[in-house]
Amino acid sequence: MDIDPSETVGVSAMSPLDEIRSLLPLVEDEGDESTWDSLRQRVTVLNSALWEGRVSWPLVERWLENFDGRSGHTSDVERLHALYLLAQFLYYGSTEIRVLLRAQYRDLFLIPLIQEVRKASGNTRNLDVIRARLSEELNRTRFLGVGNPSESGVHLLYFFRQENGLTKSIFLDSAEITERSVGLGGVVSRQLQDTSIRRYIFLDDVCGSGDTALKYSKNILQDIRALDPDIEFSYFSIFGTAAGMTNVRTNTLFNARSAALIELDPSYRCLSNDSRYLRVVPEHVSEATVRDVALHYGGLLAPGHAGGFEDSQMLFGFHHNTPDNTLPIIWREVSNGSPIPWTPIFRRYPKI
């Protein structure tokens, strides 16, 4: 499902950045102002307007010091191209995330469920009938986060519940789906804790490769499906790559309605030939050098994943964390596995 953010959340999920960018100077024709100064101004405005003040210029300078000529270009050239990438970074603050969580519930779950309820009731327009059936179906639904309780998918459940006015009784940890039972002769088995539940909705913030959903399908979902083959599983992510969501829909037990609220097409792979970030670059910035610098240092920071996990080449982050699908030069540091010293510009909190 490729959803236009401007139609999805009322206030476009992408539009705040686009609006700010439209106010920033175009660096193609700067007159006396250098490309460096223009990019610095851009980063300063983004930090003030969108990045919640998390990236002061002194921090930018410390981050740029990482680029010391190891790619074969001069340090000045490397730093200019790194600054260009930073100026393209997409960031979603706490306010934007809450808006997106409302849209995730409404567009991916509630509206399709209302359509199902109406169809099952003879396409009725009677609001009382619809509300009653909708309440029944909601009581037969459970929402879960993807990952363990310390990870971002689960972390967002609290805000998802708040923003959508939902009762905590319809949220579960995956360990609560089944329970241990002892039969005749002391035989131990697992059974569903609540057989009235007909659908489990797994929520996530980012689907990059679909690898996490695939692991869930091979473990937890298979065990549940063995106990009840008619239970429905859905996977709803706020953001997802087209390739990742295709992987989820075709190679897991999650149903075909699994979707990302905002599906990122291949142009969001920031170093690719189709990259939207490299279609027009300012004077003194080279597409080839952007790739050289990002991938050289990315290879030093995350061997085998120079472009981010599974070469996703993403260039975005959130208030609560930075995905590992984003370029390692943005977030990698010794505390989360870097084999070399590195000062991140947007942190990723490690899974210890």
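Helices (H or I, at least four residues) and strands (E, at least two) are DSSP runs, numbered from the N terminus. I start with that, since I look up a loop below.

**Entry 1: the model**

I note that this is a predicted model, in which local features need pLDDT of at least 70, side-chain atom pairs count only at pLDDT 80 or more, and totals for chains, interfaces and linings use all residues. Residues are numbered from 1 along each chain as its sequence is written, and side-chain values use heavy atoms, with hydrogens and water left out.

I find 12 helices and eight strands in the protein chain. Of its 352 residues, 51% count as buried (under 20% relative accessible area, with exposed over 50% and partly exposed in between; 1.4 Å probe, protein chains only).

**Entry 2: Ser-258**

I looked up Ser-258, which lies in the loop between α10 and β7. Is Ser-258 buried or exposed? Its relative accessibility is 1%, so Ser-258 counts as buried. Contact means heavy atoms within 4.5 Å. Leaving aside neighbours within four places in sequence, I list Phe-233, Ser-234, Tyr-235, Phe-236, Met-245, Val-248 and Arg-249 as the contacts of Ser-258.

**Entry 3: strand β6**

Next I took strand β6, residues 232-241. Nine of its 10 residues are buried, so β6 is largely enclosed by the rest of the structure.

Two strands pair if DSSP finds at least two bridges between them. I find eight bridges between β6 and strand β5 (residues 199-207), and the two run parallel. Cys-207 has Gly-240 in β6 as its bridge partner. From β5 the chain passes through helix α9 (residues 211-227) to β6, a right-handed β-α-β crossover. Right-handed here means that, with the strands pointing away from the viewer, the path from the first strand over the helix to the second runs clockwise.

Strand β7 (residues 259-264) is joined to β6 by five bridges, again in parallel. Ser-237 stands opposite Ala-260 in β7. I also record a right-handed β-α-β unit made by β6, helix α10 (residues 242-251) and β7.

**Entry 4: two packed helices**

Last, I looked at helix α3 (residues 35-49) and helix α5 (residues 75-86), which pack at an angle of about 30° with their axes 9 Å apart. Axes are lines fitted to C-alpha atoms, for helices over the stretch in contact, and angles run from 0 to 180 degrees between N-to-C directions.

Which residues of α3 meet α5? I find Thr-35, Trp-36, Leu-39, Arg-40 and Val-43 in α3, meeting Arg-79, Leu-80, Leu-83, Tyr-84 and Leu-86 in α5.
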